[in-house]
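Please examine the model shown below. The paragraphs after it proceed from individual residues to the protein as a whole.

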Amino acid sequence: ASCLVGSEMCIRDRNISFNLLSQIPLILSGIIVSIISSRMLGAGGKGILGMYTQNIILINLLFGLGLNQAATYFSSINKERLGPILKVGLLHFIISALITSLLALILFLVNNESTAIPRIENYYWAFIYMSISIILNQVNGYINAILFGTQEFKKANKLSLLKAIISTLLFLILYAFEDKINNSIIIQVMFVSLIGNAFQLLISLKALNSLKIEWKEALTFEHIKSFYLFSKEGYLSSILNYVNYRIDIFILANYAPISEVGIYLLAVNLSQMFWLISDSFSKILTPKFTKKRLTQLRISILFRFFRLNSTAIILLSLAVAILSPWLIPAVFGNEFAETAFLLNILMIGNVFACSSKVLSIIPFASNNLQINLIATMVGVVFTLIFDLTLIPIFGSIGAAAASSISYLSIFISILLLSSKKLQFPIYNPLVLSNKDFNFFINRSKNLM
């Protein structure tokens with residue numbers, strides 16, 4: 001590792017570079033899978049499957065109770081005592097699996113052509129898909145949180161890379177043999193998704209097994225209590241974030257045809273692929289900047305990384321704006337031509353959404369989590385006001401515009417509140433300066 005400022009702090013630049021480069025195949029895999037599923041399902045099918053996915057994410061969030069954040073934190077400060085951390089997770093998953101499976105069953109039994117859970121042929125397959133997906137996603141997410149907490153970045157990134165490769169291969173095989181399978185296309189895609197998640201679990205368990213885990217330490221009430229107490233603020237923030245980033249889909253489903261929901265979901269999925277870049281910055285930088293007090297000097301260095309992230313997103317967004325009007329219909333099919341316009345609206349706000357993900361390191365590293373919570377609440381207010389105002393009138397266009405406005409409000413809130421609380425000047429948070437270029441050029445030379 002090489003030092004950023006004398007002996008004050010060190011950042012493993014190779015980890016950052018490797019983590020960023022590892023996102024390229026993930027983005028490519030996401031695009032390939034999205035192309036195949038869109039061409040197979042069409043706008044209506046994509047809308048139906050998308051609504052199931054949103055329900056899985058929501059149930060995961062509600063019953064996950066924010067434990068992934070706690071797992072990352074406690075594994076980062078107790079790398080030699082992973083046994084109790086895993087036992088807390090195992091206990092939680094057993095209880096959660098029973099409750100969520102029962103909840104999914106109740107939703108299916110009482111559902112009467114709801115737009116939130118659309119009925120499909122062989123409805124019981126959808127119940128099986130939702131129940132197993134919820135369990136697999138919770139376990140995979142928890143293991144990944146531990147790998148990042150123990151700073152096993154390469155293992156976590158290799159895990160993501162293998163998942164991307166497996167998912168791509170499975171969907172290519174499905175596309176090749178689509179005509180030879182009798183079940184509906186939606187069920188085929190559900191089944192392939194489950195296989196991909198199951199493979200990820202096997203790989204995750206192998207990566208976890210490579211860590212030194214002491215299983216003899218007993219799980220105590222204090223262990224469980226500390227986990228849930230730590231996660232409560234992050235849990236509330238996660239729920240509010242769900243409202244900011246997902247509620248528009250449910251509202252749109254009540255006002256628009258399911259095919260329009262599918263067209264909008266494609267735009268949302270494509271725009272959120274850029275979050276992988278910002279998540280990489282956040283996952284690597286957060287543990288590095290939480291080890292010591294967040295001084296003015298360290299904040300100024302953090303802003304260099306903020307600007308690097310934002311500049312990359314801005315340049316990619318400009319490329320999307322230029323290419324998407326002709327590339328999306330050519331690749332995904334003419335049925336999704338309207339996705340290009342929706343994507344360009346979303347990409348405006350996406351710059352601020354991605355920037356917020358990295359900017360939120362400051363409140364986290366300075367133990368001012370209430371800043372992120374307040375900013376998220378501001379976003380919820382803007383989201384609900386503009387979603388409920390614009391979507392009934394403008395449909396998916398209104399949803400895209402409302403999302404961009406919400407993303408901007410969250411970004412401004414985090415920036416202003418952090419500046420006021422920590423008393424630092426509002427640095428340029430979006431565009432790289434000449435000094436930044438020299439800084440990162442010198443850093444890259446140190447890697448060679």
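Serine 418 is located in helix 14, which comprises residues 396–422; helices here are DSSP runs of H or I with at least four residues, strands are runs of E with at least two, and both are numbered from the N terminus. The model is predicted: local features require pLDDT of at least 70 and side-chain atom pairs count only at pLDDT 80 or more, whereas totals for chains, interfaces and linings use all residues. Residues are numbered from 1 along each chain as its sequence is written, and side-chain values use heavy atoms, with hydrogens and water left out.

Is serine 418 buried or exposed? Serine 418 counts as buried because its relative accessibility is 1%, where buried means under 20% relative accessible area, exposed over 50%, and partly exposed in between (1.4 Å probe, protein chains only). Leaving aside residues up to four places away in sequence, serine 418 touches Ile362, Pro363, Ile371, Gln423 and Phe424, a contact being heavy atoms within 4.5 Å.

Glutamine 272 belongs to helix 8 (residues 258–272). This residue also counts as buried, because its relative accessibility is 12%. With residues up to four places away in sequence again excluded, glutamine 272 touches Tyr245, Arg246 and Tyr407.

Isoleucine 95, in helix 3 (residues 82–110), is partly exposed because its relative accessible area is 44%. Together with Leu90, Leu91, Ile94, Leu98, Ile99 and Leu219, Ile95 forms a nonpolar surface patch with about 620 Å² of accessible area. Accessible areas come from the Shrake-Rupley method with a 1.4 Å probe, and for residues only the protein chains shown count as cover.

Helix 10 (residues 296–332) spans only 48 Å between its end C-alpha atoms, whereas a straight helix of 37 residues would span 54 Å at 1.5 Å a residue; the expected span is 1.5 Å times one less than the number of residues. At serine 324, helix 10 bends by about 65°, and proline 325 follows within four residues. The bend is the angle between axes fitted to the seven residues ending at a residue and the seven starting there. Just after helix 10, glycine 333 adopts a positive phi of about 110°.

Across the protein, the secondary structure amounts to 15 helices and two strands. Of its 448 residues, 53% count as buried. Among contacts between residues at least 6 apart in sequence, 84% join residues at least 24 apart.

Notes:
Patch = residues over 30% accessible without salt bridge, like charges linked within 9 Å, V, L, I, M, F, W, Y side chains within 5 Å. Salt bridge = Lys/Arg side-chain N within 4 Å of Asp/Glu carboxyl O.
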